[in-house]
Protein chains: 2
Amino acid sequence: MRIAVLGVGLIGGSIGLAAKRRLGAEVCGFDPDPAAREHGLERQTVDRMEDSVAGAVEGAEVVFCAAPVAALPDLISRALAASDQEAAVTDVGSTKGTLVQAVAKPDQERFIGGHPLAGAETAGVENARADLFEGARWYLTPTERSSGVLYDRLQRTISDLGARPQAIDAETHDRLMATVSHLPHVIANVLVQQAAAASAEESERLPEVGPSFRDTTRVAGANPLVWGDIFATNRDAVAREVEAASERLREAAELIRSGDAKRVGAWHGAAREHRRRLLEVDLAGGELYELRLSVENRPGTVAEIALALGRAGVNIEDMALYPAPDMRTGAVSLWVAGDDEAERAADIVRGLGHNVSVSR
Amino acid sequence: MRIAVLGVGLIGGSIGLAAKRRLGAEVCGFDPDPAAREHGLERQTVDRMEDSVAGAVEGAEVVFCAAPVAALPDLISRALAASDQEAAVTDVGSTKGTLVQAVAKPDQERFIGGHPLAGAETAGVENARADLFEGARWYLTPTERSSGVLYDRLQRTISDLGARPQAIDAETHDRLMATVSHLPHVIANVLVQQAAAASAEESERLPEVGPSFRDTTRVAGANPLVWGDIFATNRDAVAREVEAASERLREAAELIRSGDAKRVGAWHGAAREHRRRLLEVDLAGGELYELRLSVENRPGTVAEIALALGRAGVNIEDMALYPAPDMRTGAVSLWVAGDDEAERAADIVRGLGHNVSVSR
């Protein structure tokens, strides 16, 4: 099987590595940036590197376009023009509606949009890995014009790369991503903006910001290039979600101002339950338990805990460290899936002399 | 010196331990819950445990009221009635305006509100530690009626406990806390609510939620008892902040819908800068650098990294683990203060065979 990868960064490079290793495919690459071509070859992400789209796609059965979202429409149309009439062409962009609409109708038979949910935290071909997509959801957005044969080939290829393909229509994809990914980014930006404004208004300095502020704003201003493209290409869905959140906040303000303790309590408790349910969808190992403990924030403390859990085969699903203002002590939250596992983890941590509280 | 602690949980117990160890004070405790009295004694958080407020405050120079916010007005008035006319009475509640107003005018000479920014992540006397307040900001809210002698004694006592006392008027305190702590909690609740609503509307299942959703909603539905009291006693300031955030989101929606890439980019970039500045206020060791790396999420990997950094004396200021959907791989972000330290940390992690990208 022959695969072409256009754009050899983190995602393109990882597709190349996985296709070579897991599919035994012959992988041909192209990147508009000569330095990226060189790095991609050095890292052996492809078998051959070409200096043109046409060279790379020749004879390929599946063509992956792995450029930034803004560059995709042009790259995809060049890939469609240069590739065999039997080749499936796909992409890996974070938004799908605008892109699918931009593809000429006759080309929609061979172009099927895609979006792997992987790699968002790092970038660059130097982080490419053959197992980047292992177990990851990979959305495909076929339309009524899509070739059944090519869709079948594409979804099998993606499954062979180790991912879990799922068809979804482009608009639904964009709306769902707006809710669980794009909106949190906008909210983080707004929170930071508001705190900065308060800090400017007050003659007093802002109080040391707590862990809630750290967590809630962690993604503020994330990767400006990527996010500029996402906001641009999914702007209607994102704007709608942001407006809905604005309205919900207005309602929350009213509720809090009313002082109705019972309703406030019900609203707050429901949030706790909702979050648990939403996150548990992801977990194989059962319900999520949180272990909280206070530790000295000296080098080695967290390691000692993680290592002891590791030796016992307990997997840490999620983790957060909240340093105290002095940076010498802090609280650690560890999330562990399954109640037996949580109990075992708590025993181990207690054995190291820490006080642990466990909650669902 | 004699200290009274009314309410022997995490905060009260830690005050007792610190007062015994660091001030060499004689500490007398009271808790309305007989079991809490027993645990407090077992943990040696106090020298003596009394079964009445009057017994505990007898002869005390400083009385700490460490009950839940809703129970404070009553506890404080009992403490004021029973204690010496020379005793300072203070509390540790998360909100201050409502409380300070509830204290009878003549009593305001001896009552000075307080709020240590510590211990929010855990609860219970079993987590009490003598060093809980080490380096922590401890707000005091004196009024024009406060006795100068008692304020001086109180702030010296708090400083001797290891904390950093700072005077602030009660209204400003509540407004600032609403911005950097209470608002993020409301926003987390609203985000979760919105995602749950989307999940119910869509026939498709919600996509696996990403790290941005995890981070932004980490505090959703946190500790319902504590947060019910906070929303109740700081409702005007919280409602105002939530309304302001609602308005900012409305503006953000407009901006995103406009598709003005330049203005969107400026807004997004400003968020990045604001967050850095707001968080750096906390750090002693210089600017914060983020190290990102992909790792196998097998037990032991994170430990190996943390341990190697620990051996080299590098301190991890903050940390986030983003498991991939398969839970077998994941991305790790580590925050390290100071550029030399960040470079050294990156070298160490690279030495373990990981690819690391460093950004400010």
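This is a predicted model: local features need pLDDT of at least 70, side-chain atom pairs count only at pLDDT 80 or more; totals for chains, interfaces and linings use all residues.
1. Which residues of H6(B) are buried? They are B:Leu150, B:Leu154, B:Gln155, B:Thr157 and B:Ile158. Because these residues cover an arc of only 155 degrees around the axis, they lie on the same side of H6(B). An α-helix has 3.6 residues a turn, so residues three or four places apart point the same way. On the other side of H6(B), the exposed residues are B:Gly148, B:Val149 and B:Asp152.

2. The length of H6(B) was also checked. Helix H6 of chain B comprises 13 residues (residues 148-160), which at 1.5 Å a residue should span 18 Å; the end C-alpha atoms are 18 Å apart, so the two values agree. After H6(B) comes B:Gly162, with a positive phi near 105 degrees.

3. In chain B, an open sheet of 5 strands is arranged in the order S3-S2-S1-S4-S5, with parallel pairing. S3 and S5 of chain B are the edge strands: each has a single partner strand, so one side of each is left without a neighbour in the sheet. From one strand to the next, the twist averages 20 degrees.

4. Within chain B, strand S1 (residues 2-6) and strand S2 (residues 26-30) are paired in the parallel sense over 5 bridges. Opposite B:Ile3 stands B:Val27 in S2(B). Strands of a sheet pair through backbone hydrogen bonds, either parallel or antiparallel.

5. Turning to chain A, strand S4 (residues 62-65) has A:Val62 and A:Phe64 pointing one way and A:Val63 and A:Cys65 the other way; all are buried. Strand S1 (residues 2-6) of chain A runs parallel to S4(A) and is joined to it by 4 bridges. A:Ala4 has A:Val63 as its bridge partner in S4(A).

6. S4(A) also pairs with strand S5 (residues 88-91) of chain A, in the parallel sense and over 4 bridges. Here A:Val63 has A:Val89 of S5(A) as its bridge partner. What handedness does the β-α-β unit made by S4(A), helix H4 (residues 72-82) of chain A and S5(A) have? The unit is right-handed.

7. Most residues other than glycine have a negative phi, and most peptide bonds are trans. A:Gln44, however, has a positive phi near 55 degrees. A:Gln44 is located in the loop between helix H2 (34-42) and strand S3 (48-50) of chain A. Is A:Gln44 buried, exposed or partly exposed? A:Gln44 counts as partly exposed because 13 C-beta neighbours lie inside 10 Å, whereas a buried residue would need 20 or more.

8. In chain B, B:Gln44 is likewise not a glycine, and its phi is positive, about 55 degrees. The loop that holds B:Gln44 runs between helix H2 (34-42) and strand S3 (48-50) of chain B. B:Gln44 is partly exposed, because 13 other C-beta atoms lie within 10 Å.

9. Finally, some totals for chain A. The chain contains 13 helices and 12 strands. Of its 360 residues, 57% count as buried. Among contacts in chain A with a separation of 6 or more, 71% are between residues 24 or more positions apart.

Definitions and conventions. Residues are numbered from 1 along each chain as its sequence is written. Chains are lettered from A and ligands numbered from 1 in the order in which they are written. Helices (H or I, at least four residues) and strands (E, at least two) are DSSP runs, numbered from the N terminus. A residue is buried if 20 or more other C-beta atoms lie within 10 Å of its own, exposed if 12 or fewer, and partly exposed in between; C-beta atoms are placed from the backbone. Two residues are in contact if their C-beta atoms, placed from the backbone, lie within 7 Å. The expected span of a helix is 1.5 Å times one less than its number of residues. The arc is that of the directions from the helix axis to the C-beta atoms. Two strands pair if DSSP finds at least two bridges between them. Axes are lines fitted to C-alpha atoms, for helices over the stretch in contact, and angles run from 0 to 180 degrees between N-to-C directions. A crossover is right-handed if, with the strands pointing away from the viewer, the path from the first strand over the helix to the second runs clockwise.
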